[in-house]
Amino acid sequence: MKSQSIVMLRRNLKHIARNPVSVFNAVLMPVVVMLMFVYMLGDAFSVGVDYVDYATPGLMLLAVCYGLGALAVGVNSDVTKGIINRFKVMDIPRGAVLTGHVIASLLTNLIAVGAIIAVAFLLGFSPSASPLDWLGVIGMVVLLAFAANWITVALGLAAKSPETAGMAAIPLVMLPFFSSAIVPAEKMGPGLRQFAEYQPFTPIIETLRGLLNGTPAAGDVIPALAWCVGIALVGYLWASSSFTKRA
Amino acid sequence: MTDSAILASGLRKAYKDKVVLDGIDLEVRAGTIFALLGPNGAGKTTTVNILTTLLKADGGTVRVAGHDAATGAKAVRAAIGVTGQFAAVDELLTGEENLRLMVDLKGFPTNDGKRIVKQLLERFDLVESARKPASTYSGGMRRKLDLAMTLVGNPRIIFLDEPTTGLDPRSRRTMWAIIRELVSEGVTILLTTQYLEEADQLADRIAVLDQGRIVAQGTPDELKRQIPGTHVRLRFATAAQLDAAARILPDSTRDDEALALRVPSDGGTTSLRALLDRLDEYSLSADEFSVHTPDLDDVFLALTGHSTEVAAK
């Protein structure tokens, strides 16, 4: 079981490496968005601190979300094209097939987040996080990516075709813009503001922001962890049951 | 292993109120080729999916390689190889990587794995394109790669769902040669096809499937005896000529409306020349001349009383 998961992971990593569009979307696109907001528009936002310091946590989350489209398409292609029957007849556990996708996507997410942090430093990012806070940041990013990937796998499996699977991931890519990622929620109009305050990404971003400032607040960390665990669980269960039904 | 590699009885399957399989019985003896012949929608793929444990039957029993498909699915899967109707290759990987994937998933040690991949690439004439992504392969190459992937681990029972549908004639011949070679090595093969010629060429036994039922089963010769054989169709300009021709060709059947005559023939040059000479002798000439070989449509018409079009609905 373990070694078969590794074989599947290797397969998924090759897929990602061979699809320049997915690499661009997952790694370069977030950097482009970052340059656009921080370099071009950053001076226009007044958020009380240096804009790059404000925006980096949200852009890290955005970097995770941009990789999700390829994941949704990938899992959907596996069940809509013939190859899944081959795996089933070979007695490959479904866990191995899906875990391969999730871990490969998670690694891509980490590279994308790493790229965002590197570019942030080039743009003058000056966090005041201790080494322990940084560990917290890494943990939060991994947990977020894990949750986002499992819910995306479920969305991908629920879609009829690879094309619609790609569409299914779009809300997840858009959601960060309606959170405190780019501007603080309190600056948004009524309705949107409440949405931004209560949607799952906001406490996650605030947690990252707190950790990077060296001042994590329990009021953000607890809902952030709860959202991630909840989303991961729902995603995992939904994905497993759709997989059994589809394939 | 018992003498019959695949044994199914009373297979039933329905999706909601649509009956797909309505009591299928079949037996495939070890080391033979069995063809399941039928048009689209007859239930061929459903049958294969049940026999290969991909689908659960609503009723009936299946034994493959001596194991019950319902209670011993794992043991069945270990003994079989399946090549589905749509090439199950990973298009983003190269041919070589696809085979490696199979070798790795089956847990072969690295050295054995390399040897197996190399042998299969050579055997299926895929060495030159081994390092190209499978998405660039032609239909024929894709099927070959698909079958090569199925052969990793030497399964003794192989299921081929429409292995040549959509292939050009040359690739079809190559596929036939490969299938024959496998059987000569003692492998048992169950294949499905829409082509009578293919079943005739390859199979030791054929079952004709129509609307979820087996309407005929036997050796190719037994089946062909039940259907109209190869014949020559002659169309004449006038009824008088048709009359005259019908008199000198006593075996023939006439179609007065079309002014046509159907003459049984093996389609060979010798018998055709004899037929033409005979017409010549009586100074008769036909406007139109065609040799007609029986196809699936004829089989269907003869066995079920309706054409494949109806069955496909």
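Predicted model: local features only at pLDDT ≥ 70, side-chain atom pairs only at ≥ 80, totals over all residues.
Student: Just after α6(A), which residue takes a positive phi of about 100 degrees?
Tutor: Residues are numbered from 1 along each chain as its sequence is written, while chains are lettered from A and ligands numbered from 1 in the order in which they are written. Helices are DSSP runs of H or I with at least four residues, strands are runs of E with at least two, and both are numbered from the N terminus. The residue just after α6(A) with that positive phi is A:Gly124.

Student: How far apart are the end C-alpha atoms of α6(A), and why does that agree with its 29 residues?
Tutor: The expected span is 1.5 Å times one less than the number of residues. For residues 94–122 that rule gives 42 Å, so the model's distance agrees with it. The end C-alpha atoms of α6(A) are apart by 43 Å.

Student: Among the elements of chain A, which has the highest mean pLDDT?
Tutor: Chain A averages 88, with 99% of the residues at 70 or above. Helix α10 (residues 192–198) has the lowest mean, 83. The highest, 94, belongs to residues 131–158 of chain A, helix α7.

Student: Over to chain B: β1(B) pairs with β2(B) over how many bridges?
Tutor: Two strands pair if DSSP finds at least two bridges between them. β1 (4–15) and β2 (18–29) of chain B run antiparallel, with B:Lys13 opposite B:Leu21. In their hairpin, which has 2 residues between the strands, B:Lys16 takes a positive phi near 55 degrees. The bridge count for β1(B) and β2(B) is 9.

Student: Which residue of β4(B) stands opposite B:Ile6?
Tutor: β1(B) also pairs in the antiparallel sense with β4(B) (residues 59–64), over 5 bridges. Opposite B:Ile6 stands B:Val64.

Student: Which element gives the largest share of the side of chain B that touches chain A?
Tutor: Contact means C-beta atoms, placed from the backbone, within 7 Å. By that rule, 18 residues of chain B are in contact with 18 of chain A. On chain B, α2 (73–79), β6 (80–83) and α3 (95–105) each supply at least two residues of that side. The largest share, 4 residues, comes from α3(B).

Key: Contact = placed C-beta atoms within 7 Å. pLDDT = per-residue confidence, 0-100.
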